[in-house]
Amino acid sequence: MAQPNSEINAIENLRKGALYFAIGAVSLIIVAILEVIIVLSALFGAITGAISGSPSSVAASLGAGLIAVIVVGLIPVILVILWYLKTKDGFNTLKGLGRDVGSGPMGTTLILIGVILEFIGIATVLYGIGIALSIIGELLMIVGGFLVTGGYKSLGEVYNNSTVKTGSTLLLVGLILALIPYLSIVGYILVTAGFFMLYSGFG
């Protein structure tokens, strides 16, 4: 039986969402490298200013560095927001059609809130509240990640799609490894690979 247009559009939204997240994950690595360079440059400028006895130069260097980190960090945040809009819509539409999406919709919301809190935490890292917000954001993203993974896995079962099932399994393993010190980078790579597989599977 042919799928209704609303179902086809929902699957396409999930596909686009997976691509946005995958690109966001890759961009996050690039952003992290850029942020390290920016921070080191700012610290070098601050140290140089301190040696030359120019407090204003120190403040200017640190301030410019922080602003640059915030601006660059907006790139993955924007991509996650796009992922959220497409994925939440896809999950909700399929849920309305009676498809089993698990707790996927709730997971997308938790991840979005977590990413926003993480970004605010980084932006306010010089204040005590910044660290607390980052920790809360990380926890929400982890919980949301497991819920979204369950949603993807349920859809893999609904449509008997082995690629979606494999992609969701990679996400699950990646999330678990991301919680283990020294293996987090491996987990991150698996999560990224999982989203690329989901993109392929929903095609």
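**Close-up views of the predicted model**

The structure holds 2 salt bridges, a salt bridge being a side-chain nitrogen of Lys or Arg within 4 Å of a carboxyl oxygen of Asp or Glu. This is a predicted model, in which local features need pLDDT of at least 70 and side-chain atom pairs count only at pLDDT 80 or more, while totals for chains, interfaces and linings use all residues. Residues are numbered from 1 along each chain as its sequence is written, and side-chain values use heavy atoms, with hydrogens and water left out.

**View A. Salt bridge between Glu 7 and Arg 99.** The side chains of these two residues meet at 2.8 Å, N to O. The pair links distant parts of the chain, with Glu 7 in helix H1 and Arg 99 in the loop between H2 and H3, 92 residues apart. Helices (H or I, at least four residues) and strands (E, at least two) are DSSP runs, numbered from the N terminus. Glu 7 counts as buried because its relative accessibility is 1%, whereas Arg 99, at 28%, counts as partly exposed. Buried means under 20% relative accessible area, exposed over 50%, and partly exposed in between (1.4 Å probe, protein chains only).

**View B. Salt bridge between Lys 165 and Glu 157.** Here the N to O distance is 3.8 Å. Lys 165 counts as partly exposed at 21% relative accessibility, and Glu 157 counts as partly exposed at 48%.

**View C. The largest nonpolar core.** This core has 27 residues, of which Leu 14, Trp 83, Tyr 152, Leu 155, Phe 195, Leu 198 and Phe 202 touch the most other members. Two or more residues each come from helices H1 (5-51), H2 (55-96), H3 (104-123), H4 (128-158), H5 (162-178) and H6 (184-201). A nonpolar core is a set of buried Ala, Val, Leu, Ile, Met, Phe, Trp, Tyr and Cys residues joined through side-chain atoms within 4.5 Å.

**View D. Surroundings of Leu 14.** Not counting residues up to four places away in sequence, Leu 14 touches Lys 86, Thr 87, Gly 90, Phe 91, Leu 94, Tyr 152, Leu 155 and Phe 202. Contact means heavy atoms within 4.5 Å.

**View E. A nonpolar patch on the surface.** Phe 146, Leu 172, Ile 176, Leu 179, Ile 180, Leu 183, Ile 185, Val 186 and Ile 189 form the patch, together presenting about 720 Å² of accessible area (Shrake-Rupley method, 1.4 Å probe; for residues, only the protein chains shown count as cover). H5 and H6 are the elements that give two or more residues to the patch, and H6 provides the largest share, 3 residues. Leu 179 lies in the loop between H5 and H6 and, at 46% relative accessibility, counts as partly exposed. Patches are made of residues with over 30% relative accessible area and no salt bridge, with like charges joined within 9 Å and nonpolar side chains (Val, Leu, Ile, Met, Phe, Trp, Tyr) within 5 Å.
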